[in-house]
Amino acid sequence: MSVVLKARVNRQRCQGHARCVALAPELFELAELGESHAAGDGVFPPNLRDKAHLARANCPELAIDLEEQR
């Protein structure tokens with residue numbers, strides 16, 4: 001069983017800085033009003049784990065949550 005990473009952006013915290021989109025455009029997208037959200041269903045393969053953690057670490061609002069799922 002492989003472990004995948006799921007990302008979620010807290011919309012109340014997100015202020016639209018878009019650092020996550022700049023650092024990991026394959027993982028995050030911008031909504032019409034400028035706030036970020038996880039691309040697709042938010043589940044990413046293990047090879048993108050480092051990018052997801054980089055995006056989370058660079059979010060000034062700490063709006064990105066990452067969860068491992070089996």
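This is a predicted model: local features need pLDDT of at least 70, side-chain atom pairs count only at pLDDT 80 or more; totals for chains, interfaces and linings use all residues.
A residue counts as exposed when its relative accessible area is over 50%. With a relative accessibility of 79%, Leu33 passes that cut-off and so counts as exposed. This leucine sits in the loop that links strand S2 (28-30) to strand S3 (36-38). Its C-alpha atom lies 8.3 Å from that of Gly16, although 17 residues separate Leu33 and Gly16 in sequence.

The chain contains 2 helices and 5 strands. Read from the N terminus, these elements follow the order β-α-β-β-β-α-β. The radius of gyration is 11 Å, close to the 11 Å given by the globule rule for 70 residues, so the chain is as compact as a globular protein of that length. The C-alpha trace extends over about 35 × 20 × 20 Å along its principal axes. Of the 70 residues, 34% count as buried, and the accessible surface of the chain amounts to about 4,500 Å², with 48% of it belonging to carbon and sulfur atoms. Among contacts with a separation of 6 or more, 64% are made by residues 24 or more positions apart.

In general, the strands of a sheet are held in pairs by backbone hydrogen bonds, in either a parallel or an antiparallel sense.

Strand S1 (residues 4-9) is joined to S5 by 6 bridges, the two strands running antiparallel. The pairing of S1 with S4 is also antiparallel and covers 2 bridges. Leu5 illustrates both pairings: this residue stands opposite Glu68 in S5, and the bridge partner of Leu5 in S4 is Phe44.

Nonpolar side chains tend to be buried together in soluble globular proteins. Here, the largest nonpolar core has 18 residues, and those with the most contacts inside this core are Leu27, Phe28 and Ile64. Two or more residues are supplied by each of S1, helix H1 (19-23), H2 and S5. The biggest contribution is that of S1, which gives 3 residues. What does Leu27 touch, leaving aside residues up to four places away in sequence? The residues in contact with Leu27 are His37, Ala38, Ala39, Phe44, Leu48, Lys51 and Ala52.

Several loop residues also deserve a look. Ala18, placed in the loop between S1 and H1, has a positive phi of about 65° although this residue is not a glycine. A positive phi, near 55°, is likewise found at Leu62, again a residue other than glycine. Leu62 belongs to the loop between H2 and S5. Is Leu62 buried or exposed? At 59% relative accessibility, Leu62 counts as exposed.

The loop between H2 and S5 also holds Pro60. With 39% relative accessibility, Pro60 counts as partly exposed. Apart from residues up to four places away in sequence, Pro60 touches His17 and Arg19. The C-alpha atoms of Pro60 and Arg13 are separated by 9.6 Å, while the two residues are 47 residues apart along the chain.

Methods:
Residues are numbered from 1 along each chain as its sequence is written. Side-chain values use heavy atoms; hydrogens and water are left out. Two strands pair if DSSP finds at least two bridges between them. Helices (H or I, at least four residues) and strands (E, at least two) are DSSP runs, numbered from the N terminus. A nonpolar core is a set of buried Ala, Val, Leu, Ile, Met, Phe, Trp, Tyr and Cys residues joined through side-chain atoms within 4.5 Å. Buried means under 20% relative accessible area, exposed over 50%, partly exposed in between (1.4 Å probe, protein chains only). Contact means heavy atoms within 4.5 Å. The radius of gyration is taken over C-alpha atoms; the globule rule is 2.2 Å times the number of residues to the power 0.38. Accessible areas come from the Shrake-Rupley method with a 1.4 Å probe; for residues, only the protein chains shown count as cover.
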